[in-house]
Amino acid sequence: MPIITISRGSYSRGKEVAEKLAEKLNYDCVSREILLETSEEFNIPEISLVRAIHDSPSILDRFRHGKERYISYYQYALLKHVQKDNVIYHGLAGQYFLRNIPHVLKVRILANIEDRVKEIMKRDEISQKEAQDVLRKDDEERRRWGLKLYGTDTWDSRLYDMVLLVDRLSVDNAVELIIQASIMPAFQTTTESQRIINDKLLCAKIHAMLVNFSFLIEVEVSNGIVTLSNIGEVLRTDKSIREKIESLIREIDGVNEIKFAEKTDDKQDHINPFLNI
């Protein structure tokens with residue numbers, strides 16, 4: 001059975017869809033759990049992780065590179081959690097972190113702006129204009145985040161296998177449509193698709209370790225062969241550091257071989273190419 005990601009804006013009823021879907025399919029339903037697992041494993045305040053994954057990068061972020069480290073940790077925690085299948089993830093950025101995995105069904109849930117505004121007005125007891133401003137800011141932050149890190153707007157329908165508007169379609173209707181899609185052959189786990197997610201998990205684990213040595217280093221994994229590129233001048237010339245890195249990687253289960261390769265792309269404007277695995 002597939003992994004299902006539910007992408008949603010604030011107050012779009014995506015959480016409700018995810019929870020009902022999990023109940024129907026008897027799947028695990030996770031969101032904040034990944035934040036908590038990442039926070040505990042890497043000793044990072046939860047609020048710092050939320051800001052790294054939600055807020056668009058500032059000039060200061062790009063200078064300090066703190067966002068890349070947190071995102072690397074979070075992606076590793078998420079991949080580790082969903083590797084076993086039968087999981088619905090409705091947290092932040094699943095459409096990015098789990099893309100290019102064949103048995104992931106990526107769904108976007110939309111709601112009309114009027115309903116979203118009413119929900120915020122009711123929850124926070126604020127005016128219509130204040131609610132509209134809150135939504136506009138939140139949506140813009142998410143869009144800028146995707147554009148800066150991946151060069152793709154979160155509203156781009158090409159990121160998703162299904163886009164559903166909860167309006168004329170009820171939450172229950174949306175759940176039934178997703179279930180119908182989830183049983184299609186295209187989204188079933190195969191030996192090859194499981195190999196892909198295993199490689200991605202190994203890649204994420206290695207990168208989460210190496211990001212403390214270099215923010216620009218790229219990691220690729222295929223059938224246990226680890227390729228490191230963009231290692232930088234320090235790692236390229238300092239033999240002791242390079243040997244230390246190789247030793248750390250070789251201790252990880254599943255690593256069969258380590259290769260070094262120079263790979264640069266002057267046109268790349270995203271923060272960290274690793275995030276595109």
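This is a predicted model: local features need pLDDT of at least 70, side-chain atom pairs count only at pLDDT 80 or more; totals for chains, interfaces and linings use all residues.
Residues are numbered from 1 along each chain as its sequence is written. Local features need pLDDT of at least 70 and side-chain atom pairs 80 or more, while totals for chains, interfaces and linings use all residues.

**Exercise 1.** Work out in which order the strands of the open sheet lie, and which strands stand at its edges.

*Solution.* Start with the terms: strands are DSSP runs of E, at least two residues long, and helices are runs of H or I, at least four, numbered from the N terminus. Two strands pair if DSSP finds at least two bridges between them.

Next, read off the order: the five strands go S2-S3-S1-S4-S5, with parallel pairing. Strand S2 (28-30) and strand S5 (162-165) are at the edges with a single partner strand each, so one side of each has no neighbour in the sheet.

Now pick one pair. S1 and S3 (residues 87-89) run parallel and are joined by two bridges; Ile4 has Ile88 in S3 as its bridge partner.

**Exercise 2.** Find which residues lie nearest the centre of the largest cavity, and which elements supply at least two residues of its lining.

*Solution.* First, the term: on a 1 Å grid over the protein atoms alone, a cavity is a set of points where a 1.4 Å probe fits but cannot get out, and lining residues have an atom within 4 Å of a point.

Then look at the lining. There are 16 residues in it, with Leu92, Ala93, Gln95, Arg142 and Thr154 nearest the centre.

Finally, the elements: strand S1 (3-8) and helices H3 (46-54), H6 (94-97) and H8 (128-150) each give at least two lining residues.

Technical notes: Side-chain values use heavy atoms; hydrogens and water are left out. On a 1 Å grid over the protein atoms alone, a cavity is a set of points where a 1.4 Å probe fits but cannot get out, and a pocket is an open set with protein on both sides within 12 Å along at least five of seven lines; lining residues have an atom within 4 Å of a point.
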